[in-house]
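Grab a pencil and have a look at the model below. Try each exercise yourself before you read its solution.

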Amino acid sequence: MGAKAKKAMKTSLKKANSKKQSDGADFLPLEGGPAVKVPEQKQPREGTEKVLYVGRIPHGFYEKEMEGYFGQFGTIKRLRIARNKKTGQSKHYGFIEFESPEVAKIVAETMHNYLLFEHLLQVHLIPPEHVHPKLWRGFNYRYKPLDTVRIERERHDKERTLEEHNKLVEKILKRDKKRRKMIEAAGIDYECPIIVGNVQAAPKKIKFED
């Protein structure tokens with residue numbers, strides 16, 4: 001058997017196999033090969049959704065306020081507001097899980113596009129198969145706001161090395177020089193006050209290295 005005959009036999013076998021596999025297939029590939037059948041997607045059962053997505057949450061309407069407001073409809077199992085990991089500020093969306101799916105459906109129908117503090121709430125039911133397994137991790141944690149005043153005070157009053165203090169003074173003098181030039185360029189006759197101080201830091205604020 002020649003090479004051409006072998007090649008023709010292989011192509012005929014491939015076509016025959018593809019015809020057999022195409023029975024019951026949803027579509028055939030463009031260039032030969034086996035047919036592909038799309039797997040059937042399971043339709044979610046109605047009345048099983050307990051988790052709600054709540055979007056466009058206004059500022060000040062946080063966990064405590066949401067529990068008090070949405071708790072009027074029924075028992076809340078879990079509640080979580082998405083927050084920034086660094087600052088802890090609200091991302092203005094969250095999730096609520098009710099004990100009863102009937103209550104969740106009523107809340108979705110009632111509160112969707114509800115005007116609250118000049119915000120139209122967006123409330124949608126989430127099918128159980130679309131709920132992320134890590135959604136409720138740490139849901140009962142209550143964020144404590146950062147004391148930014150204390151943090152800034154500690155940063156300002158910290159002990160600096162002589163090198164750090166010199167850099168700080170240089171920045172102050174540089175800003176003052178730039179300000180003087182801007183005043184002169186504007187044609188304003190103004191004598192800027194001289195910055196009183198020594199480049200050397202006060203002894204109690206210098207941290208000497210051993």
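Predicted model: local features only at pLDDT ≥ 70, side-chain atom pairs only at ≥ 80, totals over all residues.

Residues are numbered from 1 along each chain as its sequence is written, and side-chain values use heavy atoms, with hydrogens and water left out.

**Exercise 1.** Work out the order of the helices and strands from the N terminus on.

*Solution.* Start by counting: the protein has 5 helices and 6 strands. Helices (H or I, at least four residues) and strands (E, at least two) are DSSP runs, numbered from the N terminus.

**Exercise 2.** Find which residues have the most contacts inside the largest nonpolar core.

*Solution.* First, the terms. A nonpolar core is a set of buried Ala, Val, Leu, Ile, Met, Phe, Trp, Tyr and Cys residues joined through side-chain atoms within 4.5 Å. Buried means under 20% relative accessible area, exposed over 50%, and partly exposed in between (1.4 Å probe, protein chains only). The largest core has 18 residues, and M66, F70 and F98 have the most contacts inside it. Next, see who supplies it: strand 1 (51-55), helix 2 (63-70), strand 2 (76-83), strand 3 (90-98) and helix 3 (101-111) each give at least two residues. Helix 3 gives the most, with 5. Finally, zoom in on F70: leaving aside neighbours within four places in sequence, F70 is in contact (heavy atoms within 4.5 Å) with F61, I76, I96, F98, V107 and M111.

**Exercise 3.** Decide whether S90 is buried or exposed, then list what S90 touches.

*Solution.* S90 is found in strand 3. Because its relative accessibility is 13%, S90 counts as buried. Not counting residues up to four places away in sequence, S90 touches Y62, I81, A82 and R83. Look at Y62 again: S90 and Y62 are 28 residues apart in sequence and 8.0 Å apart in space, C-alpha to C-alpha.

**Exercise 4.** Locate E49 and find the nearest side chain of opposite charge.

*Solution.* E49 is found in the loop between helix 1 (3-21) and strand 1. Lys and Arg count as positive and Asp and Glu as negative; His and the chain ends are not counted.

Key. Salt bridge = Lys/Arg side-chain N within 4 Å of Asp/Glu carboxyl O.
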